[in-house]
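This report goes through a structure piece by piece, starting with helices and the charged pairs on them. Keep the sequence and the 3D view at hand while reading.

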Amino acid sequence: MLKLVKQALRITGDDFDAELQMHIFAALADLGVAGVTNTCETDPLIQQAVCTYCKINMGIPDDAEAKRLKSSYDEQKAQLSM
């Protein structure tokens with residue numbers, strides 16, 4: 001999952017690996033709290049939600065973009081929890 005998130009964020013080095021891993025775990029936990037019972041890391045929908053969560057939390061420079069991503073993540077989470 002870390003490799004996938006790094007690709008989504010266009011991060012090539014290892015400097016942020018610990019922080020990214022923390023966000024990955026937090027995203028999976030957040031999905032679980034929302035009632036998502038299948039948080040299999042090979043599920044493409046879970047991968048997309050985790051990548052979106054990480055984009056939100058890794059310092060998006062544009063406030064409008066952050067709001068758009070947050071809305072997207074919330075929608076993904078709602079759909080996965082059904």
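## Terms and model

Helices here are DSSP runs of H or I with at least four residues, numbered from the N terminus. The model is predicted.

Asp-74 and Lys-70 both belong to helix α4, where four residues, about one turn of the helix, separate them. Their side chains form a salt bridge, and the closest N and O atoms are 2.8 Å apart. Asp-74 is partly exposed, with a relative accessible area of 30%. Lys-70 also counts as partly exposed, at 39%.

Arg-68 is partly exposed at 46% relative accessible area, and Glu-65 is partly exposed at 28%.

Which residue forms a salt bridge with Asp-30? The partner is Lys-77, and the closest N and O atoms of the pair are 3.1 Å apart.

Is Lys-77 buried or exposed? Its relative accessible area is 17%, and buried means under 20%, so Lys-77 is buried. Asp-30 has a relative accessible area of 23% and is partly exposed.

## The salt bridges as a set

How many salt bridges does the count come to? The count is six, taking a salt bridge as a side-chain nitrogen of Lys or Arg within 4 Å of a carboxyl oxygen of Asp or Glu. Lys-6, Asp-14 and Asp-17 are linked in a network of salt bridges.

## Packing of α3 and α4

Two packed helices are described by the angle between their axes and the distance between the axes. Helix α3 covers residues 44-57 and helix α4 covers residues 63-80; the two pack at an angle of about 150°, and their axes are 9 Å apart. Angles over 145 degrees count as roughly antiparallel, so α3 is roughly antiparallel to α4. The crossing of these two helices is left-handed.

On the α3 side, the residues in contact are Leu-45, Ile-46, Gln-48, Ala-49, Thr-52, Tyr-53, Lys-55 and Ile-56. They meet Leu-69, Lys-70, Ser-72, Tyr-73, Gln-76 and Leu-80 of α4. Sorted by class, this contact between α3 and α4 has eight nonpolar, four polar and two charged residues. Lys-70, which takes part here, is the residue that forms the salt bridge with Asp-74.

## Packing of α2 and α3

Helix α2 spans residues 17-33, and its axis comes within 9 Å of the axis of α3, with a crossing of roughly 125°. That angle makes α2 oblique to α3. Is the crossing of α2 and α3 left-handed or right-handed? The crossing is right-handed.

The α2 side of the contact is made by Glu-19, Leu-20, His-23, Ile-24, Ala-26, Ala-27, Leu-28, Asp-30 and Leu-31. The α3 side is made by Ile-46, Ala-49, Val-50, Tyr-53, Cys-54 and Asn-57. By class, the residues of the contact of α2 with α3 are eleven nonpolar, two polar and two charged. Asp-30, listed in this contact, also forms the salt bridge with Lys-77.

## Two alanines in α2

Ala-26 is in helix α2 and is partly exposed, with a relative accessible area of 29%. From C-alpha to C-alpha, Ala-26 and Asp-14 are 19 Å apart in space, while in sequence they are twelve residues apart.

Ala-29 is placed in helix α2 as well. It is partly exposed, at 44% relative accessible area. Ala-29 and Asp-62 are 33 residues apart in sequence, and their C-alpha atoms are 26 Å apart.

## A positive phi in a loop

Most residues other than glycine have a negative phi. Arg-10 has a positive value, near 60°. Where is Arg-10 placed? This residue sits in the loop between α1 (2-8) and α2. Arg-10 is exposed, with a relative accessible area of 71%.

Conventions
Residues are numbered from 1 along each chain as its sequence is written. This is a predicted model: local features need pLDDT of at least 70, side-chain atom pairs count only at pLDDT 80 or more; totals for chains, interfaces and linings use all residues. Side-chain values use heavy atoms; hydrogens and water are left out. Axes are lines fitted to C-alpha atoms, for helices over the stretch in contact, and angles run from 0 to 180 degrees between N-to-C directions. Angles under 35 degrees count as roughly parallel, over 145 as roughly antiparallel, 65 to 115 as roughly perpendicular and the rest as oblique. A crossing is left-handed if the near helix is turned anticlockwise from the far one by less than a right angle, and right-handed if clockwise. Contact means heavy atoms within 4.5 Å. Ala, Val, Leu, Ile, Met, Phe, Trp, Tyr, Cys and Pro count as nonpolar, Asp, Glu, Lys and Arg as charged, and the others, Gly among them, as polar. Buried means under 20% relative accessible area, exposed over 50%, partly exposed in between (1.4 Å probe, protein chains only).
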